[in-house]
Amino acid sequence: MTQALTLARPYARAAFALSREGGRTAAWSQALAFASRVAADPQAQALLGHPLLNPADAVGLLAMDGADEAFTRFLGLLADNRRMALLPEITGLFEELRAEAERVVKAKVTAASELPGAELEAIKAALKKRFGRDVEIETAIDASLIGGAVIDAGDVVIDGSLKGKLARLQSTLAQ
């Protein structure tokens, strides 16, 4: 585990607790995603790391218009403690906590070409049956897979790509 994740974990837990208190986990999710994108920008990183930057100005840079007061206070806490650079990690951990609380598995399906909707629904149904939870699918295309798909659902990776099959066959033949 990296030091950044270790430092980010308590902030993510606090953010999640605050968002659930107000029944605004979806809004916090969007606000954290926005703040993370801004904080990850190289120009913003240089500015956020500047020792003379006022915490209120940092919050103003990272908060979406209309963000709730609890969220801006949370950003203020990060600014006061010089932890703005942790926003991407905090956001990732927050999303994990949210998915766990909502009993949702997030899966990424990477295919050689775009998959038809019926095929994605079949994959979604199979994953729902396997995990006993709702499944949210994100798709990506990687032509280097040649054919088939790779499904990454948290700790489970199912490689049904032609590239993966060729690699396994090559490994078997090399032994």
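## Helix α6 and its surroundings

Helix α6 comprises 15 residues, and its first and last C-alpha atoms are 21 Å apart, close to the 21 Å expected at 1.5 Å a residue; the expected span of a helix is 1.5 Å times one less than its number of residues. The model is predicted: local features need pLDDT of at least 70, side-chain atom pairs count only at pLDDT 80 or more, and totals for chains, interfaces and linings use all residues. Residues are numbered from 1 along each chain as its sequence is written, and side-chain values use heavy atoms, with hydrogens and water left out. Helices (H or I, at least four residues) and strands (E, at least two) are DSSP runs, numbered from the N terminus.

The buried residues of α6 are L87, I90, T91, L93, F94, E95, R98 and A99. Buried denotes under 20% relative accessible area, exposed over 50%, and partly exposed in between (1.4 Å probe, protein chains only). These buried residues of α6 pack against α1, α2, α4, α5 and strand β1 (104–111), where contact means heavy atoms within 4.5 Å.

## Nonpolar cores

A nonpolar core is a set of buried Ala, Val, Leu, Ile, Met, Phe, Trp, Tyr and Cys residues joined through side-chain atoms within 4.5 Å. The largest such core has 30 residues, of which L62, F74, L75, L78, M84, L87 and I90 touch the most other members. Two or more residues come from each of α1 (3–21), α2 (25–40), α3 (42–48), α4 (55–62), α5 (69–80) and α6 (87–101).

Not counting residues up to four places away in sequence, F74 touches Y11, A15, W28, L32 and I90. Another core, of 12 residues, lies apart from the largest one; among its members are V105, L115, V135 and A149.

## The sheet

An open sheet is formed by four strands in the order β2-β1-β3-β4, with mixed pairing; two strands pair if DSSP finds at least two bridges between them. Strands β2 (134–141) and β4 (156–159) are the edges, each pairing on one side only. From one strand to the next, the twist averages 15 degrees; axes are lines fitted to C-alpha atoms, for helices over the stretch in contact, and angles run from 0 to 180 degrees between N-to-C directions.

Strand β3 (residues 149–153) runs antiparallel to β4, and four bridges join the two. The bridge partner of A153 in β4 is V156.

## Helix α7

Helix α7 (residues 117–131) has 15 residues, which at 1.5 Å a residue should span 21 Å; its end C-alpha atoms are 21 Å apart, in agreement. Within α7, L120, I123 and L127 are buried. They lie on the same side of α7 because they cover an arc of only 60 degrees around the axis, the arc being that of the directions from the helix axis to the C-beta atoms.

On the other side of α7, A118, E121 and K129 are exposed. The cover over the buried residues of α7 includes β1, β2 and β3. Just after α7, G132 takes a positive phi of about 70 degrees.

## Positive phi in non-glycine residues

R82, although not a glycine, has a positive phi of about 55 degrees. This residue, R82, is placed in the loop between α5 and α6, and it counts as partly exposed because its relative accessibility is 44%.

R103 is likewise a residue other than glycine with a positive phi, near 55 degrees. R103 is located in the loop between α6 and β1. Its relative accessibility is 45%, so R103 counts as partly exposed.
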